[in-house]
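My notes follow in the order I took them.

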Amino acid sequence: MTAQEVRLCGLLLQEHFGEVVERIGTHLLRGGAQNLRTIANETNTPLDLVKKSLCVLVQHGACEFGSGRRGPGSPVEYRASCERVLRVLRYPRYIYTAKTLYGDTGELIVEEVLQRGHMTMSNTVKTVADRLTHNMEEGRSMEYSEVVSAFSKLVETHFLQRCPPVAEMGTAATSTNPATPGTPAASASTAPPTAESNPDCYKLPHVTLIGRGKRRRSSDDSEEQRGGKKAKMDSESCGDEGIYWQVNFERFHQHFRDQAIISAVASKLDQTSSEIVRTMLRMSEVTTTQTAAYTQPLSANEIFRSLPPNYSISRPILDQYLSLLVDDPMEFVGKSGDSGGGMYVVNLQRALANLARATLESVVQERFGSRSARIFRLLLRKRHLEQKQVEDFAMIPAKEAKDMLYTLLSENLVQLQEIPKTPDHAPSRTFYLYTVNQLPTARLLLQHCYKTVANLIERRLFETKENKRLLEKSQRIEAILASLQASGAEPEQLTEVEEMITAPERQQLEALRHHINKLDSTENQVDETVFLLESYIFSTKTK
Amino acid sequence: MRSLSASYLTNAFSNRLIPMAGRGRGRGRGQMTFNLEDVGIGRGDSLPPTTFKPSPLFPPMPVQPVPLQTGEEVEYMLALKQELRAATKTLPFYIRRAAPKRDVDRYSDKYQSGEPKDSTIEWSPDWSRLPKELCIKVRENRGKRPTPQVKRTKKPLVGKEEILIKLETLEKKEEAVNSEEEQDEEKKKTNEEEEQADEEDYEEDFEEDTDYIMSYFDNGEEFGGDSDDNMDEATY
């Protein structure tokens, strides 16, 4: 929990849940596990507000609770999760991915579940059907069955999962965790169960939802009444109380990672090789665990059979492509055996490392110029080099090379390593070597990215605050215009209202909108870099 | 193996740190415990000036950053992000502090309860998934279920029947008010959420159980106190 991460989490919490939740959240993130009274006292917040904030945080999975340190009798302790809060930054990307994979229905399902933290299946289906009906033209409405089928597709491909059951607190005799039926009190002291530990994690509940989406109309009241009564009846008859569904972020991350690898192959080699890699990754979607270093071996025969039908390449050409991929220095694909026409794996870990390395190199290039980037790449490949050797290998004059090296050194992208010749470490008799360590540099860059996003959010808030008066005025005028149009006013009245905003104000508003769009768009794009670096660092942790 | 940092190097060359600066060989730079050439600083080279203050907050950029990506995907995600941000403000998860209490209790407090209160929660979570100490009263809205519906269906009726129906609904309202006051502060059913959602569709007039239309209701606070003196003027 670095300072930058906590700052960014605080800003995200403030934007989405308000200042009260932000105060409680940052306090938990900084202070570790605490109980209710401590939080209330240390943040000087009324107890009720603390309770509400904790409910919100737990609802969204940002906070977990467990029995206290002193055993089952002590008060409940709450722990906030920095990682989960940072996911909020990536919500648009998750929703867009769901849209590309499963259409508008899938998009709305994922959006609803993300906004509410976790929901039951029946609730989700009803809300999504209503929203879809609202967007359709008059007279048509959305069948529940279509939404249910989209929902089940999402669950089958593991994009949605059941929320883990809550462990019993205190000295309860029975454990609510179905995976471990035999351990009564011991479950209270173990770590909270993850979603994956539940064997029913991806099983749909047996509920039949029959009905259509309801259109919300302010004029047509009769449908509302019936709708209201019907909703009451439906919620009582649905049998899936207590089964909540949440978004499986890991699965989405797997998808993003695959996309990154495929696009890297496409830009380095060509479209056909990227299709081959895509096929290989698709075939090993379910057999590869989250933290695997490489996929399960696939034989060339299997790959040939599973290629998409519009990519009709012959068998020897496929073999050539595969050997090309294996020989490529990026090492995306490796050969693990010769049976079945050759067994091939996709090296996930190495691919991630190479992608992270490419990101680092491009950052150095954009900030310091291509010659500094050349020195950086040299040091990445050759590991340790003396000053003189750097100048020679990079083919850069001594003075400039020295300058660039020192700039990189002051930014901590390059480190100095001493190697003494004598035991007394005399400086005249010591080698000083320049080196680059990829993993610490990636961490450094990740922290820079968090700081960047936090700065972007702060700047956006500042811009909004500066022009608050103007924004409020324009909102009021829009509301007036809308109500006038709804009640059927003449065009003169409309233009009169529109002229209440003067031309320079309009320009100012336009510039403000442009700035805010730019800042928002930048946040989204920095988040892509954040994802890549986070995946790389995470893949190196689990050895 | 220790590794050196850049600041150590730059400070080492500053004359201020070495007390015997200027004496001995090498005018301009002091004697150092290691050979300068090894680190790469030749004999005649001049070093950049020592810094006396921290680096500026917005240093001038030597190169301009790469322009942002554009395209349909980027635009769509931007729109999504802004919509999400706007939507979260309206959800019950956005916790606002209750406005500080006004000095005197007012009649309108009973009917204008749109403000969030500290002691109630706006949505009903599944209490079985939360520790018991977090249990807090779920906010109930003051709208009554049966009365507005009855009013609606009987709207087109005119004359005697309407008056009879009105009397009936007033009776029901009174009952509902009584029953509500007798209710316990127990957990609410989950369908209350749906009821709340439906309720928002009703026009504002029917939200409170008064016959007054709320938008016309005037607290009387904004009315200036100084116009009592001169009653000759017409009131507008």
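I began with A:Tyr96, which counts as buried because its relative accessibility is 16%. My cut-offs: buried is under 20% relative accessible area, exposed is over 50%, and partly exposed is in between (1.4 Å probe, protein chains only). The model is predicted, so I kept its limits in view: local features need pLDDT of at least 70, side-chain atom pairs count only at pLDDT 80 or more, and totals for chains, interfaces and linings use all residues. Residues are numbered from 1 along each chain as its sequence is written, chains are lettered from A and ligands numbered from 1 in the order written, and side-chain values use heavy atoms, without hydrogens and water.

**Aromatic pairs**

Which ring does A:Tyr96 pair with? I found B:Tyr76: the ring centres are 5.6 Å apart and the planes are at 50 degrees, so the pair is tilted. The rule for Phe, Tyr and Trp (its six-membered ring) asks for centres within 6.5 Å; planes under 30 degrees apart are stacked, over 60 edge-to-face, and the rest tilted. This pair crosses between chains, from helix 6 of chain A to helix 3 (residues 72–90) of chain B. Helices here are DSSP runs of H or I with at least four residues, strands are E runs of at least two, and both are numbered from the N terminus. B:Tyr76 is partly exposed, because its relative accessible area is 28%.

I then took A:Phe159 and A:Phe252, a tilted pair at 4.7 Å centre to centre and 50 degrees between the planes. They sit 93 residues apart: A:Phe159 in the loop between helix 8 (144–156) and strand 5 (160–162), A:Phe252 in helix 11 (residues 249–268), both of chain A. A:Phe159 is buried at 2%. A:Phe252 is buried at 1%. Both belong to one aromatic cluster, which also includes A:Phe256 and A:Phe531.

**A:Arg90**

Where is A:Arg90? I located A:Arg90 in the loop between helix 5 (82–86) and helix 6 (91–116) of chain A. A:Arg90 counts as buried, because its relative accessibility is 1%. Beyond four places in sequence, its contacts (heavy atoms within 4.5 Å) include A:Phe256, A:Phe531 and A:Glu534. The A:Arg90 side chain makes a polar contact of 3.1 Å with that of A:His253. Another, of 3.2 Å, joins the side chains of A:Arg90 and A:Asp527. A polar contact is an N or O pair within 3.5 Å; within protein, one atom must be able to donate a hydrogen and the other to accept it, and residues adjacent in sequence count only if both atoms are side-chain atoms.

**Cores**

I used nonpolar core for buried Ala, Val, Leu, Ile, Met, Phe, Trp, Tyr and Cys residues joined through side-chain atoms within 4.5 Å. The largest has 81 residues; A:Leu8, A:Tyr78 and A:Ile375 are among those touching the most other members. Helix 19 (residues 438–466) of chain A gives the most to this core, with 9 residues. Another core, apart from it, has 36 residues, among them A:Tyr94, A:Phe256 and B:Leu80. Beyond four places in sequence, A:Ile375 contacts A:Val390, A:Met404 and A:Leu405, among others.

**Record check**

The unreviewed UniProt entry lists residues 360–436 of chain A as "domain: DNA-directed RNA polymerase III subunit RPC3 winged-helix". I computed 56% helix and 19% strand for that span, with its end C-alpha atoms 11 Å apart.

Key. UniProt positions renumbered as here; feature names shortened; annotations may be inferred.
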